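Hi,

Here is the structure I promised to pass on.

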Amino acid sequence: MSGSAPTREVARRVFAREFNDAGYTFKESDDERAPVYSLLPTGESANRVFFVGTLTEKEDVGDDSEYWQGRIVDPTGTFFVYAGQYQPEAASTLRDLEPPAYVAVVGKPRTYETDDGSINVSVRPESITEVDATVRDRWVAEAAERTLERVARFDDEGNEYARMAEEEYDLDPETYKAAALSALEELASEEAESDAGDATDSADAPEA
């Protein structure tokens, strides 16, 4: 339909381990305003990403104006986010948050080629929201599920992004499957410890 607002791209749930390897970007058309996608090594395009982790550090790295860098850790690695005058809400949130804090981030992948030719991958956040451990745990489970689904589909005929990933990266999708399974194991271990702690607290509680 002409004149309709463009639909927003799906925000992919992806772990830091895979996201930081997604250094190849592309467009689906020659249109100057066409969206730019990062190619995930598990064979998926990502114009936007959604992740939850622990904000461990923040720093104003701007010269003339505020430009906030945030370091956000998930069970597999570290995301770096950068927010300045063009992302005022995200920048304001980073300014006000006190690490460590659980945060949920929706944003766009950005790549930068360093002087030595390596590619750094970061996120330009659309939103940063402080969340609790329950939200973080649910995201870890969902991100693991999405990662395992992508790996399972990698060898499917007609999976064009997987074929592109094979061509652009010398990376084994099983690496990200292992990272996802490890994240699930860590999550299960944390939940078991929490349950054990709750049981101890209940046993120590005085009788009414």
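The residues lining the largest cavity divide into four nonpolar, no polar and three charged (nonpolar here is Ala, Val, Leu, Ile, Met, Phe, Trp, Tyr, Cys and Pro; charged is Asp, Glu, Lys and Arg; the others, Gly among them, are polar). They are Pro75, Arg136, Val140, Ala183, Glu186, Leu187 and Glu190. The elements that give two or more residues to this lining are H3 and helix H5 (173–204), and H5 gives the most, with four residues. About 30 Å³ of space lies in this cavity, and a search of the whole structure finds one cavity of 30 Å³ or more. For the cut-offs: on a 1 Å grid over the protein atoms alone, a cavity is a set of points where a 1.4 Å probe fits but cannot get out, and lining residues have an atom within 4 Å of a point. Grid points are joined across faces, edges and corners, and the volume is the space filled by probe spheres set on the points.

Before going further, the ground rules. This is a predicted model, where local features need pLDDT of at least 70 and side-chain atom pairs count only at pLDDT 80 or more, while totals for chains, interfaces and linings use all residues. Residues are numbered from 1 along each chain as its sequence is written, and side-chain values use heavy atoms, with hydrogens and water left out.

Now the overall picture. The chain has five helices and nine strands (DSSP runs numbered from the N terminus, with helices being H or I of at least four residues and strands E of at least two). From the N terminus on, the order is β-α-β-β-β-β-β-β-α-β-β-α-α-α. The C-alpha atoms fill a box of roughly 70 × 50 × 45 Å along the principal axes. Of the 208 residues, 38% count as buried (under 20% relative accessible area, with exposed over 50% and partly exposed in between, using a 1.4 Å probe and protein chains only). Among contacts between residues at least 6 apart in sequence, 63% join residues at least 24 apart; contact means heavy atoms within 4.5 Å.

Leaving aside neighbours within four places in sequence, Val105 is in contact with Val49, Phe50, Phe51, Ile72, Val81, Val123, Pro125, Ser127 and Ile128.

You'll find Asp74 in strand E6 (residues 68–74), and with a relative accessible area of 6% it is buried. The side chain of Asp74 reaches the backbone nitrogen of Ala16 at 2.9 Å, and a polar atom of that side chain lies 2.9 Å from the backbone nitrogen of Gly77. Asp74 and Ala16 are 58 residues apart along the chain, yet their C-alpha atoms are separated by 6.7 Å. Beyond four places in sequence, Asp74 is in contact with Phe15, Ala16, Val52, Phe79 and Trp139.

Thr78 touches Ala16, Asn20, Arg71, Ile72 and Val73, not counting residues up to four places away, and counts as buried because its relative accessibility is 16%.

Asn159 lies between helix H3 (133–153) and helix H4 (160–168), and at 13% relative accessibility it counts as buried. The side chain of Asn159 reaches the backbone oxygen of Arg153 at 2.9 Å. The other spot is Pro100, in the loop between helix H2 (88–96) and strand E8 (101–113): the peptide bond from Pro99 to Pro100 is cis, with omega near -5°.

Cheers

Technical notes. Polar contact = N/O pair within 3.5 Å; in protein donor to acceptor, adjacent residues only side chain to side chain. 1 Å grid on protein atoms, 1.4 Å probe; cavity = no way out; pocket = protein on both sides within 12 Å on 5 of 7 lines; lining within 4 Å.
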